[in-house]
Amino acid sequence: MEKQVYITEEERAKCKKVAEAFRELYEMADIVVVDVGRYGFVMLKYYMLPHGFEEDETYTDSRNRPVKEMDKEMDLKNFMKF
């Protein structure tokens, strides 16, 4: 079986930059972004014992979640845009 790649190396680098830029904000909002190799990046939200994370989202494109949406969700003001 051939291994399928779901994210290009170029997009991996871009997604990693976005994840690093928002790391501190994610921590304040109980969000974790995990690099899952050839599958892209997974955002895990709102950890609750004993069930685990309430939500998850997978990203293979650094542009499929605009910063504007994150501003609205996390109530950010005057944050540097990418």
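Asp 30 sits in the loop between α2 and β1. Helices (H or I, at least four residues) and strands (E, at least two) are DSSP runs, numbered from the N terminus. Asp 30 is not a glycine, yet has a positive phi of about 55°.

This is a predicted model, in which local features need pLDDT of at least 70 and side-chain atom pairs count only at pLDDT 80 or more, while totals for chains, interfaces and linings use all residues. Residues are numbered from 1 along each chain as its sequence is written, and side-chain values use heavy atoms, with hydrogens and water left out.

**Backbone**

Tyr 46 also has a positive phi, about 60°, although it is not a glycine. Tyr 46 lies in strand β2. Its relative accessible area of 30% makes Tyr 46 partly exposed. Buried means under 20% relative accessible area, exposed over 50%, and partly exposed in between (1.4 Å probe, protein chains only). Leu 49 and Pro 50 are joined by a cis peptide bond, with omega about -10°. Pro 50 belongs to the loop between β2 and β3 (52-59).

**Salt bridges**

The whole structure holds seven salt bridges. Each needs a side-chain nitrogen of Lys or Arg within 4 Å of a carboxyl oxygen of Asp or Glu.

| Pair | N to O distance |
|---|---|
| Lys 14 and Glu 11 | 3.7 Å |
| Asp 35 and Arg 12 | 2.7 Å |
| Arg 23 and Glu 20 | 2.4 Å |

Asp 35 is partly exposed at 39% relative accessibility. Arg 12 is buried at 14%. Glu 9 joins Arg 12 and Asp 35 in a network of salt bridges.

Lys 14 and Glu 11 are both in helix α1; being three residues apart, they are separated by about one helical turn. Lys 14 is partly exposed at 35% relative accessibility, whereas Glu 11 is buried at 11%. Glu 20 is partly exposed at 43%.

**Second largest pocket**

The second largest pocket has a volume of about 200 Å³. A pocket is an open set of points on a 1 Å grid over the protein atoms alone, with protein on both sides within 12 Å along at least five of seven lines; lining residues have an atom within 4 Å of a point. The volume is the space filled by probe spheres set on the points. Among the lining residues are Lys 16, Glu 20, Arg 23, Tyr 26, Val 33, Asp 35 and Phe 41. Two or more lining residues come from each of α1 (9-21), α2 (23-28) and β1. The largest share, five residues, comes from β1. By class, the lining has seven nonpolar, no polar and five charged residues. Ala, Val, Leu, Ile, Met, Phe, Trp, Tyr, Cys and Pro count as nonpolar, Asp, Glu, Lys and Arg as charged, and the others as polar.

**Surface patch**

Tyr 6, Val 32, Val 34, Val 36, Tyr 39, Tyr 47, Leu 49 and Phe 53 form a nonpolar surface patch, with about 720 Å² of accessible area together. Patch residues have over 30% relative accessible area and no salt bridge, and nonpolar side chains are joined within 5 Å. Areas come from the Shrake-Rupley method with a 1.4 Å probe. Tyr 39 is in the loop between β1 (31-35) and β2 (41-48). At 39% relative accessibility, Tyr 39 counts as partly exposed.

Methods. Patch = residues over 30% accessible without salt bridge, like charges linked within 9 Å, V, L, I, M, F, W, Y side chains within 5 Å. 1 Å grid on protein atoms, 1.4 Å probe; cavity = no way out; pocket = protein on both sides within 12 Å on 5 of 7 lines; lining within 4 Å.
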